[in-house]
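Visitor: I would like to learn how to read a helix pair and some backbone features. Can we work through a case?

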Amino acid sequence: MQLMKERILREGKVKNGSILKVDSFLNQQMDIELFEKMADEFWRLFGDCNVTKILTIEASGIGIACLAGQRFKCPVVFAKKNKTSNISDDVFSSLVHSFTHGKEYEIMVSREYLLPSDRVLIIDDFLANGAALNGLIDLVRSAGAYIVGAGIAIEKAFQPGGDIIRNQGIRVESLARIKSMDENDGIEFY
Ligand code: 5GP
């Protein structure tokens with residue numbers, strides 16, 4: 001998506017070699033007009049897949065997923081993060097290892113919001129090592145629902161997550177795929 005690439009080039013900041021800060025339009029301040037266009041793009045890609053539910057993870061995925069939900073006219077469910085392991089029986093849960101934060105956390109969603117009859121589109125802001133997306137996939141599989149695919153705003157394609165998930169046969173569509181990035185040399189896309 002050209003608009004996303006332009007925005008990253010204009011406002012994105014590379015930190016510590018492999019972290020991209022996009023707080024001005026995605027991760028803190030949110031550009032809703034851009035989110036609308038992202039939702040249009042996700043609709044173009046997945047609009048014929050009979051999506052019944054959009055699943056994301058708190059917090060940064062929620063805004064993007066809401067606009068997508070409006071476009072797909074379906075409910076948006078977000079997985080909650082919990083640091084404790086006090087998981088009750090009425091949730092699906094999965095363990096996610098965050099490389100960015102160097103810790104493990106549990107994600108969960110109430111069983112009543114993911115049904116075997118659901119056709120789920122997973123939406124998230126970033127795909128890096130694939131741990132968060134893998135956790136979400138795990139939740140959908142636990143529910144016995146069908147995974148239509150994953151719509152990602154920014155994929156850091158120099159990290160292994162995209163390949164790992166696609167090799168499972170899951171369709172992953174990213175609006176911007178970063179080939180390489182560097183504080184000095186800038187950002188290059190596929
Ligand atoms: P993964 O589990 O694929 O390694 O990372 C996915 C999650 O980590 C994303 O949902 C996002 O919250 C966070 N993340 C990973 N890399 C970046 C990055 O370069 N910039 C930002 N802002 N978040 C990232």
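Guide: We take the helix pair, then the backbone. Keep in mind that this is a predicted model.

Visitor: How are two packed helices described?

Guide: Two numbers do it: the angle between the axes and the distance between them. Here, the axes of H3 (residues 32–46) and H4 (residues 60–72) come within 8 Å and cross at roughly 55°.

Visitor: Which orientation do H3 and H4 have to each other?

Guide: Angles of 65 to 115 degrees count as roughly perpendicular, and those under 35 as roughly parallel. H3 and H4 are therefore oblique. The crossing of H3 past H4 is right-handed.

Visitor: Which residues make the contact?

Guide: From H3, they include Phe-35, Met-38, Phe-42 and Trp-43. H4 contributes Gly-63, Ile-64, Leu-67, Ala-68, Arg-71 and Phe-72. By class, the contact of H3 with H4 has 11 nonpolar, 1 polar and 3 charged residues.

Visitor: Now the backbone. Where is the cis peptide bond?

Guide: Look at omega. The bond joining Glu-58 and Ala-59 is cis, with omega about 5°. Ala-59 sits in the loop between strand S3 (53–57) and H4.

Visitor: Is Asn-50 buried or exposed?

Guide: The cut-off for exposed is over 50%. Asn-50 has 56% relative accessibility, so it counts as exposed.

Visitor: What is phi of Lys-73?

Guide: Near 55°, again positive in a residue other than glycine. Lys-73 lies in the loop between H4 and strand S4 (76–82). At 73% relative accessibility, Lys-73 counts as exposed.

Methods: Residues are numbered from 1 along each chain as its sequence is written. This is a predicted model: local features need pLDDT of at least 70, side-chain atom pairs count only at pLDDT 80 or more; totals for chains, interfaces and linings use all residues. Side-chain values use heavy atoms; hydrogens and water are left out. Axes are lines fitted to C-alpha atoms, for helices over the stretch in contact, and angles run from 0 to 180 degrees between N-to-C directions. Helices (H or I, at least four residues) and strands (E, at least two) are DSSP runs, numbered from the N terminus. Angles under 35 degrees count as roughly parallel, over 145 as roughly antiparallel, 65 to 115 as roughly perpendicular and the rest as oblique. A crossing is left-handed if the near helix is turned anticlockwise from the far one by less than a right angle, and right-handed if clockwise. Contact means heavy atoms within 4.5 Å. Ala, Val, Leu, Ile, Met, Phe, Trp, Tyr, Cys and Pro count as nonpolar, Asp, Glu, Lys and Arg as charged, and the others, Gly among them, as polar. Buried means under 20% relative accessible area, exposed over 50%, partly exposed in between (1.4 Å probe, protein chains only).
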